[in-house]
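Hi everyone, thanks for making time this morning. I'd like to walk you through one structure, so let me put it on the screen.

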Amino acid sequence: MTQKNLIFFNCGILLIMLISLPKAKLAPPPKRLNCTINGLTHNYLEITDPVYDEDPETTIPYTYNLHTENVSGITSPLNLPVSIDPQENLFITIKQLDEKTTLTQKSGYHFNIALRLQCIDGAVVEMNTVIPFIDSNNHEPFFSKPTYVYDLISTLESDFKRLLDLNSIVATDYDITNRELLFSVQENEYFDVVYGGIVPGTLNKQHLAQLVPKFPGKIISSKIEVALTVTDTGNPPRSNTAKLVINPPSPPKPVFTKPFYVGHLYKNNTFVMSENLHLQEGASYYETKFSIQDSYDDGCSRFFAHLVEEEIMVAFTFYGNAFPHFYERNYIVCPVEATYTDRVTNLVSSGTTILLVEYHHDL
Ligand SMILES: *[C@@H]1O[C@H](CO)[C@@H](O)[C@H](O)[C@H]1NC(C)=O
Ligand SMILES: *[C@@H]1O[C@H](CO)[C@@H](O)[C@H](O)[C@H]1NC(C)=O
Ligand SMILES: *[C@@H]1O[C@H](CO)[C@@H](O)[C@H](O)[C@H]1NC(C)=O
C-alpha cells in the first residue's frame, strides 16, 4: 500500500466512524427514574460496605451516605428493616444470616435485594441492590456418626461397596462459602479416602467421603480401625474426626437340618442313632468342628461327634462301668455345637442342635 493509499484508507475508517456516530447519538437517553437514590439513573445500586457473618445485625452503609431523591417510602420483599432518617439518608438493617438454611455457594455470597421505592409522584421504582457478605469459618465440619462400622459379609469388593452405600460416610459443614470438604484417613494398608461429592438436596451442606481400595481385590483378613478426618476449605481451616471400623467377614453360622436328633442307649451299653446329624450346607470350605456339651446333663460328655464325609456321626465312649444314673433317667438332653473357622481370617461362627438320648432300661 502506498503512503497516499494509507491516508485514504485511514480517512475511510474515520468516515465510517463519522457516519455511525450520529446513529449512536440517536439512541434514546436513559429513562429518568421518577425517584432514585444517590442520583442514579439506572436501577442498580451497589453497596460496597459488607455484612459480616458473625454480626447479629448490620446496618449499612456505614462508611458513606445514601441520599434518596423524591422518595416517600421504601419497602423490601425480604421484609428487611429499611429506614430513611429525617435528613433523607437511607439505612438498611440486615439480620444475621442463618447459614444452616441458606444454600452454600462456591464463590462469595452476596445479598441480592430488590428495594421498592415509592416516589412522591406515585410511581414505583425497583432498585436492585447488591450487598457483599463476608463469611467467617465459624462452623466446624462434623461427621454424621462418631464411628462407622462395616461388618463385611464377604471379601468381595461389591459387597463392601453395598455396605458403604447403605451406611455412607457423610460430613456436614454449614458455612455458606465452603462448598467442598477434604477427607483423609489414617495410614493403613487397605484404603484411601477421596471426596465423593455433595449429597443432593442438602443445600450443598453435606458431603460424601468415598473409600477407595489401595489394591482392588485384596482380602481383608484382620480388623481395621483407623481415624477419618474431615477438613473444611475455610481460612483458617477447621476439622473433625470419626472412627472407621471394618470387621472382616465371619463364616456363616453352621445350621443343622433339624432342631433335635434322637439316639438310643441300651442297657447292654449299645448306642444307636436313629439318624445321623447333618449341616444344611456342605462343611468343606471352613474348618468344621463339633462338640457335645455337658451343660444340661452330666452324661453328655460320654458322647462325641465327628465328621465323616458330610455326615456327623455321634458315638459314645464306653468306660466299662455302668452309665451314670442309667436307671434313674428316661433320657438326657445334650446340646451339640458346630463351629466353622475361616482358615484365612481365623474368625469363628457357631450353631447348635440338640441330641436327645433315650435310655432303654428293658432292652
Ligand atoms: C424530584 O422531583 C422534582 C420535582 O418534580 C424534580 O424537579 C426533580 O428532578 C426530581 N428529582 C429526581 C432525581 O428525579
Ligand atoms: C414518572 O415520570 C414520568 C416523566 O419523567 C411521567 O411521565 C410519569 O407520569 C411519572 N409517573 C408517575 C406515576 O407519576
Ligand atoms: C444290645 O441291645 C440291643 C437292644 O436289645 C440290641 O439290638 C443289640 O444288638 C445289643 N448289642 C449287643 C452288643 O449285644
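Which residues are around ligand 3? Keep in mind as we look that this is a predicted model. Around ligand 3 we find Tyr-266, Asn-268, Thr-270 and Leu-363. Two of these shell residues are nonpolar and two are polar, with no charged ones. Now zoom in on the polar side chains. An N or O atom in the side chain of Asn-268 is 2.5 Å from an oxygen atom of ligand 3, and Thr-270 places a polar side-chain atom 3.0 Å from a nitrogen atom of that ligand. As for cover, ligand 3 on its own has 360 Å² of accessible area, and the protein covers 38% of it.

A polar side-chain atom of Arg-32 sits 3.0 Å from an oxygen atom of ligand 1.

Last stop, a sheet. Five strands make an open, mixed sheet, and the order is β20-β19-β26-β25-β22. The edges are β20, residues 271-273, and β22, residues 287-292; each has a single partner strand, so one side of each has no neighbour in the sheet. From one strand to the next, the twist averages 25 degrees. If you follow β19, residues 260-266, you'll see that it runs antiparallel to β20, with three bridges joining the two. Look for Gly-263, which stands opposite Met-273 in β20.

Note on methods
Residues are numbered from 1 along each chain as its sequence is written. Chains are lettered from A and ligands numbered from 1 in the order in which they are written. This is a predicted model: local features need pLDDT of at least 70, side-chain atom pairs count only at pLDDT 80 or more; totals for chains, interfaces and linings use all residues. Side-chain values use heavy atoms; hydrogens and water are left out. A residue is near a molecule or strand if one of its heavy atoms lies within 4 Å of it. A polar contact is a pair of N or O atoms within 3.5 Å; within protein, one must be able to donate a hydrogen and the other to accept it, and residues adjacent in sequence count only if both atoms are side-chain atoms. Accessible areas come from the Shrake-Rupley method with a 1.4 Å probe; for residues, only the protein chains shown count as cover. Ala, Val, Leu, Ile, Met, Phe, Trp, Tyr, Cys and Pro count as nonpolar, Asp, Glu, Lys and Arg as charged, and the others, Gly among them, as polar. Two strands pair if DSSP finds at least two bridges between them. Helices (H or I, at least four residues) and strands (E, at least two) are DSSP runs, numbered from the N terminus. Axes are lines fitted to C-alpha atoms, for helices over the stretch in contact, and angles run from 0 to 180 degrees between N-to-C directions.
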